[in-house]
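Dear colleague,

Please find below the structure that I promised to hand over to you. My notes on it follow directly after, and I would ask you to read them with the model open.

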Amino acid sequence: MIQQRVLAILSVSLAFAACAGTGTGAPVDPAHAEASHRNPFLDVNFFINPEYVENVEATAKAFPSEAEAIRKVKQYPTGLWLDSIAHVANLPLWLGEARKQQQASGKPTLSLIVVYDLPNRDCAANSSAGELKIEENGVARYQTEFIDVIAAHFKSFSDLPIVAILEPDSLGNLVTNLNMPKCSDARDVYVNQTAYAIRKLALPNVSIYLDAAHAGWLGWDHHRENLIKVYKKVLRAAGGLDMIRGFATNVSNYTHLYNRDGAAMESSDPCYNELVYVKKLAVGLADHGVRNKGFIVDTGRNGKGQIRKVWGHWCNIKGAGLGERPRAAPEPFIDAFFWVKPPGESDGISDPTQPRFDAECASNESAKGAPQAGVWFQSYFHDLVRNAVPPL
Ligand code: BGC
């Protein structure tokens with residue numbers, strides 16, 4: 001993941017006219033279009049991932065005097081990340097479990113899936129560099145071995161509500177990081193393959209959200225404006241505005257919901273916290289004809305304010321605490337607060353001798369001893385629990 005703001009000059013105009021209509025996509029499925037007008041988080045239970053519960057339990061055992069607080073985390077849902085072709089094999093297992101939980105409770109049980117394997121992934125950082133490369137047939141593999149297989153699984157669990165967040169950071173990188181070759185090479189691929197993923201995953205039981213970075217990355221007026229232009233291009237290629245339910249912000253980042261942290265770190269950014277960002281983005285989208293969309297905000301690790309001095313730092317930030325508990329419709333414009341990045345999983349390895357090392361993960365604001373991105377980082381999770389706001 002890269003979450004930093006890089007002040008790059010956008011060398012290409014991504015301006016596009018209205019994106020209603022079908023573009024190059026298939027006609028929108030009426031049942032999916034209808035579903036895109038509803039907040040999918042309302043009136044459902046959330047799937048609890050047994051593997052996450054095991055990690056929490058192991059940590060509780062490691063810190064017996066705090067086990068009670070740590071164990072409380074087991075009741076909260078977390079995002080399920082499909083970050084490689086091999087990991088797609090987890091999907092039917094997770095959804096099978098979700099079906100059992102749904103049958104046991106008698107209430108629809110929602111799973112939140114993060115789809116994360118674009119060719120040239122994490123193009124402006126290294127810690128989450130992916131397996132697919134454009135020059136090595138990455139586009140064809142992304143379509144046939146990744147997205148098509150995910151779509152088939154979603155279809156075979158048509159009785160379950162599913163939220164899919166597409167490709168964290170990718171479209172944000174097209175706003176600020178086109179000066180980096182791995183990003184500029186990926187520009188058309190990110191747009192067209194995101195559109196491909198939308199078209200394939202636009203099923204009646206699936207609500208799709210596009211990633212929307214966070215206040216400290218794209219909060220500036222011109223960045224938000226350019227992000228909206230990128231969205232319009234993607235949605236035009238995907239088949240129109242009704243193909244998606246909305247946008248996900250702060251995924252894997254630490255930006256506070258309510259305070260004025262941003263004003264101290266970047267005084268020129270009008271979005272001094274995440275809720276201001278969501279509101280300004282929603283208003284900007286509406287000005288461009290993209291209305292009535294819902295937002296998911298990742299609140300896994302943004303409970304505590306004033307934990308960093310440099311907003312662009314994004315890797316295993318020291319002092320972070322669990323944030324608002326996952327729940328539906330907590331604020332205007334917001335479909336849900338949700339722990340999209342499972343709290344306790346690393347953002348990237350801190351050892352410079354290891355593959356995928358990114359210097360950000362050894363910054364003075366990053367926790368030491370961090371394992372590879374996605375791997376359980378027990379001491380960090382312990383701190384997240386201790387620093388939780390609200391407390392557990
Ligand atoms: C990593 C993924 C991981 C996800 C959730 C990302 O930064 O690249 O491998 O699944 O975080 O922890």
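**A buried lysine and its surroundings**

Leaving aside residues up to four places away in sequence, Lys341 touches Trp81, Ser252, Asp298, Arg301, Ser346, Asp347 and Gly374. Please keep in mind that this is a predicted model. Lys341 is located in the loop between β9 (334-338) and α13 (378-386). Is Lys341 buried or exposed? Its relative accessible area is 6%, and because residues under 20% count as buried, Lys341 is buried.

The next element to examine is strand β3, which covers residues 109-115. Seven of its seven residues are buried, so β3 is largely enclosed by the rest of the structure. This holds for both faces: Thr109, Ser111, Ile113 and Val115 are buried on one side, and Leu110, Leu112 and Val114 are buried on the other.

Which strands pair with β3? Strand β1 (residues 45-46) pairs with β3 in the parallel sense over two bridges, and Asn45 has Thr109 as its bridge partner in β3. Strand β2 (residues 80-82) runs parallel to β3 and is joined to it by three bridges; here Leu80 stands opposite Ile113. Strand β4 also pairs with β3 in the parallel sense, over five bridges, with Leu112 standing opposite Val163 of β4.

Strand β4 (residues 162-166) is likewise largely enclosed by the rest of the structure, because five of its five residues are buried. Ile162, Ala164 and Leu166 cover one side, while Val163 and Ile165 are buried on the other.

**Two helices in contact**

Finally, please look at helix α4 (residues 90-105) and helix α5 (residues 138-156), whose axes come within 10 Å and cross at roughly 20°. Angles under 35 degrees count as roughly parallel, and α4 and α5 are therefore roughly parallel to each other. The crossing of α4 past α5 is right-handed.

Which residues meet where α4 and α5 are in contact? From α4 come Leu91, Pro92, Leu95 and Arg99, and these meet Ile150, His153, Phe154 and Ser156 of α5. The residues of this contact comprise five nonpolar, two polar and one charged.

With kind regards

Definitions and conventions: Residues are numbered from 1 along each chain as its sequence is written. This is a predicted model: local features need pLDDT of at least 70, side-chain atom pairs count only at pLDDT 80 or more; totals for chains, interfaces and linings use all residues. Side-chain values use heavy atoms; hydrogens and water are left out. Axes are lines fitted to C-alpha atoms, for helices over the stretch in contact, and angles run from 0 to 180 degrees between N-to-C directions. Helices (H or I, at least four residues) and strands (E, at least two) are DSSP runs, numbered from the N terminus. Angles under 35 degrees count as roughly parallel, over 145 as roughly antiparallel, 65 to 115 as roughly perpendicular and the rest as oblique. A crossing is left-handed if the near helix is turned anticlockwise from the far one by less than a right angle, and right-handed if clockwise. Contact means heavy atoms within 4.5 Å. Ala, Val, Leu, Ile, Met, Phe, Trp, Tyr, Cys and Pro count as nonpolar, Asp, Glu, Lys and Arg as charged, and the others, Gly among them, as polar. Buried means under 20% relative accessible area, exposed over 50%, partly exposed in between (1.4 Å probe, protein chains only). Two strands pair if DSSP finds at least two bridges between them.
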